[in-house]
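Dear colleague,

I am passing on the structure below, together with some notes on what was found in it. Please read them beside the coordinates.

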Amino acid sequence: MKVSSNPMPILEVSNVSKFYPPATRAVRDVSVSLDQGEILCLLGPSGCGKTTLLRMIAGLEKPDSGTIRFEGRDIVGVPPHERDFGMMFQDFALFPHKNVRDNIAFGLRMKGLPAGDIASRVQKILDVVELEGLDERAISQLSGGEQQRVALGRALAPGPRLLMLDEPLGALDRALRERLMLDLRAILKRVGMTAVYVTHDQTEAFAVADRLAVMNAGRIEQVGPPQDVHEQPATPFVAQFLGFQNLVRGRVGSSGTIETGIGRFRADVPLPAPGSDIILLIKPAMAGYEARPVSSPTESNAITGVVDAVTFRGRFSQIWVTSSGQRLLFEEAGDPPLTAGDRVTILISPDQLRIYESSL
Ligand code: ADP
Ligand code: MG
């Protein structure tokens, strides 16, 4: 559990909504807060309202309703340039003909700081983003990763009180992103920056965030540390968006069981009233498996099906199984001796099950 030393969050978004005529409810009644030095990731699919929420925090859009407080003060009427917030976008638009130093110095010159202060500040930032020695290089002579660090340095140089990053790695290729997301987090932590980081990529969100806010259709469906969200996805949408494949319709039975088309289950969680329709999430970890043709119909937490495919992923393998027309995905350490066409019974531990009281 994280214990915060300051009693009040630095940023407090309360019940904020934004409607774009004629019919887009881009952000719906969103509340979320941020502590000093914390990195919050807004994670969700394209169009779910991440950028709109960020733009309202930045002051580039006005909420239709709700409040946004920074250090306790309502900032909804405060123009963007008076907020001392920094921004970094996917298209970070560095000045291609200027060198690294001049790009980083840009915001400081705009502020009208004395030349000596600018020089020492730029030197410090070059150190923070690990670009010492490249300060005279033109932007066009840098790699994609170096350019991205210049953009981050430019955003950090004026010492923003809050940094907003909107898909900052979106334009880069996968392999480069994997490394840069870690660099980015390390740099933000090194300077103790409070940041709101927008991405649609769950790997990136998990690598960068102290806390995640998972968004769907203008709403935040869950907020929490990445580990907690992964462990206990709050809704079927969150589970699906994090890549969990096994969501199965079911009904609560009369004796503490969950009845589904692929079998009967017992879970470690409180159940709604008997007869309630539920959605069952079956996490991909198996408690074990047996190659046997038919499972006894009374046995719970055992799924019988046919293996569709086994994909070796290095330290674990993915096993696709079809059971009663439902396609399911399981994982097993190493390289299990299963092949397409095998009939198997997969055993599921009760702690791998989650229940949702909604319909798909
Ligand atoms: P995300 O960043 O998660 O992809 P956005 O916040 O950009 O989502 O968009 C949320 C919704 O609002 C989308 O349906 C988008 O088309 C719509 N939208 C965004 N900006 C505007 C605008 N200026 N005018 C009208 N609709 C907009
Ligand atoms: Mg966006």
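Helices here are DSSP runs of H or I with at least four residues, and they are numbered from the N terminus. The model is predicted, so that local features need pLDDT of at least 70 and side-chain atom pairs count only at pLDDT 80 or more, while totals for chains, interfaces and linings use all residues. Residues are numbered from 1 along each chain as its sequence is written, chains are lettered from A and ligands numbered from 1 in the order in which they are written, and side-chain values use heavy atoms, with hydrogens and water left out.

R101 belongs to helix α2 (residues 100-110). Its side chain makes a polar contact, at 2.6 Å, with the side chain of D135; the term denotes a pair of N or O atoms within 3.5 Å, where within protein one must be able to donate a hydrogen and the other to accept it, and residues adjacent in sequence count only if both atoms are side-chain atoms. Leaving aside residues up to four places away in sequence, R101 also touches (heavy atoms within 4.5 Å) A119, V122, Q123, L126 and E136.

Around ligand 1 (a heavy atom within 4 Å) lie residues including Y20, P45 and C48. An oxygen atom of ligand 1 lies 2.6 Å from a backbone N or O atom of G47, and polar side-chain atoms of K50 and T51 each lie 2.8 Å from an oxygen atom of the ligand.

With kind regards

Notes: Helices (H or I, at least four residues) and strands (E, at least two) are DSSP runs, numbered from the N terminus.
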